[in-house]
Amino acid sequence: MGAAAGQLRSLQGWLRADPVVGRSAVVEVGGGVPGPGEMGTGLDVLQLVTGNGWSAASFVLAVVAWRQSRPQRPRVEIRRGDTVVVLTDCSEEEIERAVRALEAGDADEGDAR
């Protein structure tokens with residue numbers, strides 16, 4: 001298993017163990033298996049299926065806590081619909097911006113239904 005795949009598995013375990021996130025979301029590692037002649041790990045993304053009670057703030061804080069527990073703090077990209085959030089330094093401003101963007105994504109998804 002490559003370093004990136006190990007990071008995804010670590011984050012998956014962290015989120016599943018989080019009392020709020022683990023109760024309101026299903027966390028799975030997914031992605032495509034490389035096609036013939038293509039290189040890849042087969043583990044590209046961490047997929048999160050949210051349910052009732054999901055909180056963007058709790059999710060972002062859980063990701064930040066995981067990231068801060070890592071010896072080398074990886075860049076984390078979160079995609080939800082058309083919303084993309086990148087966590088690099090996990091400053092207070094970056095965390096607030098991420099939560100607002102993901103909450104706005106919730107509102108947009110509700111409008112589309």
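Val45 is found in strand β2, which spans residues 45-50. The C-alpha atom of Val45 is separated by 10.0 Å from that of Arg9, 36 residues apart along the chain.

The model is predicted: local features need pLDDT of at least 70 and side-chain atom pairs count only at pLDDT 80 or more, whereas totals for chains, interfaces and linings use all residues. Residues are numbered from 1 along each chain as its sequence is written, and side-chain values use heavy atoms, with hydrogens and water left out.

**Overall organisation**

The secondary structure of the chain comes to four helices and four strands. Helices (H or I, at least four residues) and strands (E, at least two) are DSSP runs, numbered from the N terminus. Along the sequence, these elements follow the pattern α-α-β-β-α-β-β-α. Of the 113 residues, 32% count as buried. The chain exposes about 7,000 Å², and carbon and sulfur atoms supply 50% of that area; accessible areas come from the Shrake-Rupley method with a 1.4 Å probe, and for residues only the protein chains shown count as cover. Among contacts in the chain with a separation of 6 or more, 43% are accounted for by residues 24 or more positions apart, where contact means heavy atoms within 4.5 Å.

**Packing of α1 and α3**

Two packed helices are described by the angle between their axes and the distance between the axes. Here the axes of helix α1 (residues 3-17) and helix α3 (residues 56-69) come within 10 Å and cross at roughly 130°. Axes are lines fitted to C-alpha atoms, for helices over the stretch in contact, and angles run from 0 to 180 degrees between N-to-C directions. The helices α1 and α3 are therefore oblique to each other; angles under 35 degrees count as roughly parallel, over 145 as roughly antiparallel, 65 to 115 as roughly perpendicular and the rest as oblique. The crossing of α1 and α3 is right-handed, a term used if the near helix is turned clockwise from the far one by less than a right angle, with anticlockwise giving left-handed.

On the α1 side, the contact is made by Gln7, Ser10, Leu11, Trp14 and Leu15. The α3 side contributes Phe59, Ala62, Val63, Ala65, Trp66 and Ser69. By class, this contact has eight nonpolar, three polar and no charged residues. Ala, Val, Leu, Ile, Met, Phe, Trp, Tyr, Cys and Pro count as nonpolar, Asp, Glu, Lys and Arg as charged, and the others, Gly among them, as polar.

Val63, found in helix α3, counts as buried at 1% relative accessibility. Leaving aside neighbours within four places in sequence, Val63 is in contact with Leu11, Leu15, Val76 and Leu87.

Thr83 has its place in strand β4 and counts as buried at 17% relative accessibility. With neighbours within four places in sequence left aside, Thr83 is in contact with Ile78, Ala101, Leu102 and Gly105. Gly81 lies in the loop between β3 (76-80) and β4 (83-87); at 63% relative accessibility, Gly81 counts as exposed.

The loop between β4 and α4 (92-112) holds Cys90, which is buried, with a relative accessible area of 8%. Most residues other than glycine have a negative phi. Cys90 has a positive phi of about 55° although it is not a glycine.

Gly51 lies in the loop between β2 and α3 and is partly exposed, with a relative accessible area of 36%.

**C-alpha separations**

The following table lists residue pairs by sequence separation and C-alpha distance.

| Pair | Separation in sequence | C-alpha distance |
|---|---|---|
| Gly51 and Ala25 | 26 residues | 5.7 Å |
| Gly81 and Gly105 | 24 residues | 7.0 Å |
| Val63 and Val76 | 13 residues | 8.3 Å |

Notes
Buried means under 20% relative accessible area, exposed over 50%, partly exposed in between (1.4 Å probe, protein chains only).
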